[in-house]
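Please keep the sequence and the structure in view while reading.

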Amino acid sequence: MKTAWRELIRKPSRFLTAGGALTLIVVLILLLGGLLDGLYLGSTRALEAQSAGVFVYSADANDSFFRSRIDGNLRAEVADVPGVESVSGLSVVQLPAHVPGVVDVVDTAMFAYEAPNQLVPEPPATGEAFLDRSLEGDGIEVGQTLGFGPARTPVKVAGFVDGTTFNLQGAVWMDPETWNEVVRANVPAATLAPGASQALLVTPEQGVEASALVATIGQGIPGVTALTKQDAILGLPGVKDQKSIFTAIITVTFVVAGLVVALFFALLTLERAALFGMLKAIGSSSRTLAAGLSLQAVLIAIGAFVVGGLATLGLAAIIPAAIPLDLEIRRAVTTVLGLIVTALIGSAISFRRVVRIDPATAVGGS
Amino acid sequence: MPALELEDVRKTYGSGDTEVVALDHATLEVHDDEMVALVGPSGSGKTTLLSIAGGLLAPTRGSVRVGPHEISGYDRGQLTKFRREFVGFVFQGANLVPFLTAKENLLVVADLAGNKGKVSDKRAMTLLEELGLAHRVNNLPGQLSGGERQRVAIGRALMNEPELVLFDEPTSALDSTLGEQVMDLIRSEIKGRGTAAVVVTHDTRMTHYADRVVEISDGRLAA
C-alpha cells in the first residue's frame, strides 16, 4: 500500500490522464446534479416546507394539486378519521404581480394557507402576504403594495420568508380570505367556496405513520385520494420526469467514470506487469498489489472530486442566476461516495490480470 | 543440513508431443556459507533451476528443500510467504522499484514481511553503508549508476536475512571492471553472513569468485 501511495505521489504524470478525465466527469456530474436539485427544489420547496405528512386531494383530481377541490364536508370527514391530529387547507394559483415602479411583472405562486409550516409563520393580517425571498431580487420591499393579476388586486408585503419556491416561482403566502379575494378578481373560475381548499394537509397523531394514515383515509372516504408528502411532491407536473431523466443521465455518467477507471488501470497494469512480477517474486501477494491498485483508484477519484468540485463552484459563480443550479452538500457527498465505489469497481477489473502475473517473469534470460 | 537441496528435480512445460523438458534429474546441494556459480549456455535451464530453488516455479517432479522447508508441495500462497521470508533475489539489471529511493527499495522487503519501524530502518541504513551507498540513501534508481543499482539490489536481497540468496546474471549489465567489483562485494557479503548463494552467470570471468562451479546443459547438471 505504501509503495502504491509513493508511486502516486512521485509519478503523478502517470495518473494524470485518468485524473483529468475523472475531473471532467465530476464537473459534469455535479453540474447535472446541481441542475436537477435546482429544478426539483425550485419546483417543490413550498410543499417540502409543509409540516403535515399527508396530502389529501379530491378523488376526481387524479392526484393533481391544481385540479383538486376539497369542500367543507369532505374536510370534516377527513378530520374525523382515527389517527388524524389536525387538518389544514392549502391552495395555490399562479398569478403575476405588478411591483410599483417596475415595468415587468413578476411571476408568483400564490398560496392560501391556514397554519404555519417549517418556513412560514402564522398567516399575516388580511390583505397582507409573506413573500419568498427570491422575489426580493425583483425590486420588492417590505411595506410595498403589489397588484396581483390583470385586476391588480392590492396585497401588502408583510415580510419575506426563505426557501419557498414553487414551480420555479417565488411563493406568496396569505390567508384564505385574501387569496379568495385576489382569485375572484382575476380568475373567477378558481374561486373556492367558504371552508373549501384545493388540498388538505393532514398531520397524523403522534405514533401514527403517515403511510398508514394514507391507507386509512383512502379506504375510508371514497371522495378523496390521500398521498404521503413525498408522493404528492413527485405528483407535481414534470417533477418525476425531471428527476428520472436527470438520475438516468447521472447514472450513465457514473458508468462512464467506471469505464474510464477500468480502462486506465487495465492499461496501467499491463504497463507495470514487469514491476508487479518483480514485486511478486520478492514476496508481494496479489492481494497486496490489488489493494495498491484500489488505493490509487480511490485517491485519484477523491483528487478528481476535489479539483472538479472547486471547478464546479467556480462555474456556478459565473452561471446566470436565472439558471436553476443548486449545489447541495448532500449531492456532493453522494457524488464522492458514488465515485469511490465506481473507482473501486473499475480498478477491480484489473485484479484478475494482477493475479495472473507470473512472478517467475522477474527472472529472465536463459 | 544443506541450505539448498534439490533432489532429482524435473521440470517440463506442455504435455504429450509438445512437452519440453527444461530440467531433468537435477540434484544439487548448496551448504551454508557456500557460493555456487551455475554456468551454462542460453536455454540450458539455468533460469528454471534458479526459479525452482527460489520458489518462483513448482517442479514437475522431485524434491526442493531450502533449509528445513520442503517447498515442492507448497501452494501459491505458501510460496509467496516463503519467498518473502527465506529467499533473497538479485535480478538481471537490478530491477529496482523506479519510484522508490535506495533505502525505500530495501524497506519494501521489510514491509512485505511485516517488519516495520526503526529496526528495519536501521538495518537498511547499515546495509547501504556496508555496500558503500551511505551517500545515495535518498536517491532514486534513475539517479544511480549501474553498479550502484546492483549494490542496492544486493542490499534488498539481504534485507530480511534470508537463508538463501539467488543471483540472476548480476553482472550482465555491467562492464568487466564493475562486474568484478560487484562479484567481490557479493562474495564478501555472502561469506560475512554465512548465507548460501547461487549465482547464475554465463560470464566465465566471474566464476572464480564462487566456491564451486556447477555446469548445466540441456537441462541436466554436470556430474
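**Domains, helices and sheet**

Chain A is divided into domain 1 (2-43 + 239-362) and domain 2 (47-234), with bounds that come from an automatic or database domain assignment. The model is a predicted one, in which local features need pLDDT of at least 70 and side-chain atom pairs count only at pLDDT 80 or more, while totals for chains, interfaces and linings use all residues. Residues are numbered from 1 along each chain as its sequence is written, and chains are lettered from A and ligands numbered from 1 in the order in which they are written.

The C-alpha centres of domain 1 and domain 2 of chain A lie 44 Å apart. Where these domains touch, 5 residues come from domain 1 of chain A and 6 residues from domain 2 of chain A, two residues being in contact if their C-beta atoms, placed from the backbone, lie within 7 Å. On the domain 1 side, α2 (16-48) and α7 (239-271) of chain A each supply at least two residues; helices here are DSSP runs of H or I with at least four residues, strands are runs of E with at least two, and both are numbered from the N terminus.

Helix α2(A) also packs against helix α10 (residues 329-348) of chain A, their axes coming within 10 Å and crossing at roughly 145°; such axes are lines fitted to C-alpha atoms, for helices over the stretch in contact, and angles run from 0 to 180 degrees between N-to-C directions. The crossing of α2(A) and α10(A) is right-handed, a term used if the near helix is turned clockwise from the far one by less than a right angle, with left-handed for anticlockwise. To this contact α2(A) brings A:Val26, A:Ile29, A:Leu30, A:Gly33, A:Gly34 and A:Asp37, and α10(A) brings A:Arg331, A:Thr335 and A:Leu339. By class, these are 4 nonpolar, 3 polar and 2 charged residues, where Ala, Val, Leu, Ile, Met, Phe, Trp, Tyr, Cys and Pro count as nonpolar, Asp, Glu, Lys and Arg as charged, and the others, Gly among them, as polar.

In chain B, the axes of helix α3 (residues 102-112) and helix α5 (residues 146-158) come within 8 Å and cross at roughly 25°. That angle makes α3(B) roughly parallel to α5(B), since angles under 35 degrees count as roughly parallel, over 145 as roughly antiparallel, 65 to 115 as roughly perpendicular and the rest as oblique. Here too the crossing is right-handed, and the contact is made by B:Ala102, B:Asn105, B:Leu106 and B:Val109 of α3(B) with B:Val152, B:Gly155 and B:Arg156 of α5(B).

Chain B also holds an open sheet of 4 strands in the order β2-β1-β4-β5, with antiparallel pairing; two strands pair if DSSP finds at least two bridges between them. Its edge strands are β2 (20-30) and β5 (69-70) of chain B, each pairing on one side only. Between β1(B) and β2(B) there are 7 bridges, and B:Glu5 has B:Glu29 as its bridge partner in β2(B). The hairpin of β1(B) and β2(B) has 6 residues between the strands, and B:Gly14 takes a positive phi near 75° there. Strand β1 (residues 4-13) of chain B pairs with strand β4 (residues 61-66) of chain B over 5 bridges, with B:Leu4 opposite B:Val66. Helix α1 (residues 46-53) of chain B lies across β1, β2 and β4 of chain B, at about 120° to β1(B).

Finally, the contact between the chains takes 20 residues from chain A and 27 residues from chain B. On the side of chain A that touches chain B, α1 (2-10) and α8 (273-281) of chain A are the elements that give two or more residues, and α1(A) provides the largest share, 5 residues.
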